[in-house]
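Student: Could we go through this model together? I would like to begin with what counts as a contact.

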Amino acid sequence: MDIYLASSMRREQLAHQLIQMAVRETDFREKSQTAQKPPAGGNQAMEDLHSQNTRQLREIIAEIGWPTRSKVGEQASDAAWFIVQHAIGEPAFMRGCYALMQLVESDINPVSLAYLHDRICYFSGRPQRYGTQSDGNRLYPVEDTDSLNSLRAGLKLPPIPESRIHTAGECANGKAMQDLHTDPIFNAWRKKVGWV
């Protein structure tokens with residue numbers, strides 16, 4: 001068989017695998033949200049799914065590097081990012097994927113990089129940069145409230161109303177930050193998995 005054809009077929013297989021991993025995660029989340037009570041196993045079942053997806057994504061990365069648009073197509077590349085976004089129990093993996101994504105920034109969706117940056121900041125207890133993380137209507141604190149919407153415009157993300165930005169807490173703007181999380185249960189989990 002032609003080497004190029006074999007390589008092309010393998011990349012199609014990997015693309016399909018990535019998309020299916022993201023679909024499983026989305027389906028599980030939708031079923032969890034619409035169920036009267038959490039599915040059997042509750043959070044543990046979700047953690048198991050995250051672990052399985054993370055293991056499979058590690059194998060794909062070991063084989064082809066970060067799954068970029070040119071390697072697996074846009075949908076599968078976005079699926080890889082979606083999987084990393086939910087690998088919250090593995091901070092070293094998330095940080096490592098962020099570093100890999102920075103190396104191929106021109107071949108991935110730039111919004112994915114922004115979301116992952118903010119997600120890592122959130123779990124690390126630091127202010128976010130792009131305003132992608134919120135808890136319902138409350139925006140998680142941002143690094144620089146003055147430049148937030150210009151950063152978002154550069155990524156073609158919609159602006160955040162000024163009133164919402166300022167209720168997020170102007171906690172940075174050049175000042176050294178301490179950990180922003182105060183919930184002892186959440187902080188115990190973050191410590192256990194290695195965020196702090």
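Tutor: A contact here means heavy atoms within 4.5 Å. Please keep in mind that the model is predicted.

Student: Good. With that cut-off, which residues does Q133 touch, not counting residues up to four places away in sequence?

Tutor: Q133 touches Q85, Y115, D118, R119, Y122, Q128, L139 and Y140.

Student: And where is Q133 placed?

Tutor: Q133 is in the loop between α6 and β1.

Student: Is Q133 buried or exposed?

Tutor: Q133 counts as buried, because its relative accessibility is 9% and the cut-off for buried is under 20%.

Student: Let us step back to the whole chain. How many helices and strands are there?

Tutor: The secondary structure comes to 9 helices and 2 strands. Along the sequence, the pattern reads α-α-α-α-α-α-β-β-α-α-α.

Student: What share of the chain is buried?

Tutor: Of the 196 residues in the chain, 41% are buried.

Student: And what share of the contacts with a separation of 6 or more is between residues 24 or more positions apart?

Tutor: Such pairs account for 57% of those contacts.

Student: Which residues does D118 touch, beyond four places in sequence?

Tutor: D118 touches Q128, R129, Y130, G131, T132 and Q133.

Student: What about S112?

Tutor: S112 is also placed in helix α6. S112 counts as buried, at 4% relative accessibility. Leaving aside neighbours within four places in sequence, S112 is in contact with D78, W81 and M101.

Student: And S124?

Tutor: S124 is again a residue of helix α6. S124 is buried, because its relative accessible area is 12%. Not counting residues up to four places away in sequence, S124 touches R95, D179, R190, W195 and V196.

Student: How far apart are S124 and D179?

Tutor: S124 and D179 are 55 residues apart along the chain, and their C-alpha atoms are separated by 7.5 Å.

Student: R190 is on that list for S124. Which helix does R190 belong to?

Tutor: R190 is in α9, and the pair of helices meets through several residues: Y122, F123 and S124 in α6 meet F186, W189 and R190 in α9.

Student: How should I describe the packing of two helices?

Tutor: Two packed helices are described by the angle between their axes and the distance between the axes. Here, the axes of α6 (residues 110-124) and α9 (residues 184-193) come within 10 Å and cross at roughly 110 degrees. That makes α6 roughly perpendicular to α9.

Student: What is the make-up of that contact by class?

Tutor: The contact of α6 with α9 has 4 nonpolar, 1 polar and 1 charged residues.

Student: Which element gives the most to the lining?

Tutor: Helix α6 gives the most, with 3 residues. At least two lining residues come from each of α6, β1 (134-135) and β2 (138-139).

Student: What is the lining like by class?

Tutor: The lining has 7 nonpolar, 4 polar and 3 charged residues.

Key:
Residues numbered from 1 in each chain as written. Predicted model: local features only at pLDDT ≥ 70, side-chain atom pairs only at ≥ 80, totals over all residues. Heavy atoms only, no water. Axes fitted to C-alpha atoms, helices over the stretch in contact; angles between N-to-C directions. Helix = DSSP H or I, 4+ residues; strand = E, 2+ residues; numbered from the N terminus. Parallel < 35°, antiparallel > 145°, perpendicular 65-115°, else oblique. Nonpolar A, V, L, I, M, F, W, Y, C, P; charged D, E, K, R; others polar. Buried < 20%, exposed > 50% of the residue type's maximum accessible area, 1.4 Å probe, protein only.
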